[in-house]
Amino acid sequence: MPGLELTSNPTKVVVHPLVLLSVVDHYNRVAKNTKKRVVGVLLGQADGNSVNVANSFAVPFEEDEKNPSVWFLDHNYIETMRDMFKKVNAKEKVIGWYHSGPKLRSSDLQISELFKRYSTNPVLVVVDVQSKDIGIPTNAYFSVEDIHDDGTTATKTFEHVPSEIGAEEAEEIGVEHLLRDIKDSSTGTLATRITHQLTSLHGLAERLADIRLYLQSVLDDKLPVNSEIIQNLQDIFNLLPNLSIPDDASAFTVQTNDEYALIYVASLARAVIALHDLINNKIDNREAERKADAKESEDKSSTSASSKAQPSEKTEGAKAN
């Protein structure tokens, strides 16, 4: 019984952190320090043009390293686990499968065809468990038929779909608790923001390098011209501001100066408030020390007075005897 019926390929795949943690745990248990990959089933929902990957489970999988067309996937295990998850949460249906990649393999199309038993249009999410590149470690694909212009038989291929990491409020809280163990508490908020901005700039530089490599390959006739990609690149370039116009250049300069002035004033206010708190803290500590010294002196005087009174009482008792 198909888990989900999709009439057309969605335009976005949202992967939850729970899925990423499950895939990494699966890889560390089964294929760590090896060239093997792990395979599992994805559970979730499809809402229009978006696929929500909310959960997953591992599946026994073996393949021949020398012959990629030889592989084994336990169907009975998939059906048993699917029925068990359905009892826990009926909304989560089989929507596709994952593997630890890091790249597509020749047998992926055959495995996707097999998963059409459980989902009409299964999604494949490749999770790079040892990602060293900047960006998210997921890539989503749907299998489509590639129709050739020369009239030859259509062939199956993968179509890449944008993916992103999304989480509900409960998952965000859990991820924050996990990040506390690896986050350096000595770094401030400003340093963290600068680090994130540098990471974003490195990611942008890599994307620009990929665009340049693609365009150069097209010019060298190594790749065919794709009108959709060229149109998207043109839209991106049209969004860039034209700084050759004097009015635009002055407007950007004024806006930048205004933002820097706000940052400068905010830094001054923050420094003044910090100094004010420091002075108040020192005054409070000094008052506390004075009170402690006064109380200590009172305790000493009361102790000495009581010690003097005790011998006099003993003397009066001896005289009475």
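Me: Is Arg-37 buried, partly exposed or exposed?

Reply: This is a predicted model, in which local features need pLDDT of at least 70, side-chain atom pairs count only at pLDDT 80 or more, and totals for chains, interfaces and linings use all residues. Residues are numbered from 1 along each chain as its sequence is written, and side-chain values use heavy atoms, with hydrogens and water left out. Buried means under 20% relative accessible area, exposed over 50%, and partly exposed in between (1.4 Å probe, protein chains only). Arg-37 has 4% relative accessibility, so Arg-37 counts as buried.

Me: How far apart are the closest N and O atoms of the salt bridge between Glu-63 and Arg-37?

Reply: A salt bridge is a side-chain nitrogen of Lys or Arg within 4 Å of a carboxyl oxygen of Asp or Glu. Glu-63 forms one with Arg-37, and the closest N and O atoms are apart by 2.9 Å.

Me: Which residues are joined with Glu-63 into one salt-bridge network?

Reply: Salt bridges that share partners make up this network. Its members, besides Glu-63, are Arg-37, Arg-105 and Asp-108.

Me: Is Lys-300 buried, partly exposed or exposed?

Reply: The side chain of Lys-300 meets that of Glu-296 in a salt bridge (3.9 Å, N to O). Glu-296 has 42% relative accessibility and so counts as partly exposed. Lys-300 has a relative accessible area of 56%, so Lys-300 is exposed.

Me: How many salt bridges does a search of the whole structure find?

Reply: One of them joins the side chains of Arg-82 and Asp-83 (3.5 Å, N to O). For the whole structure, the search finds 10.
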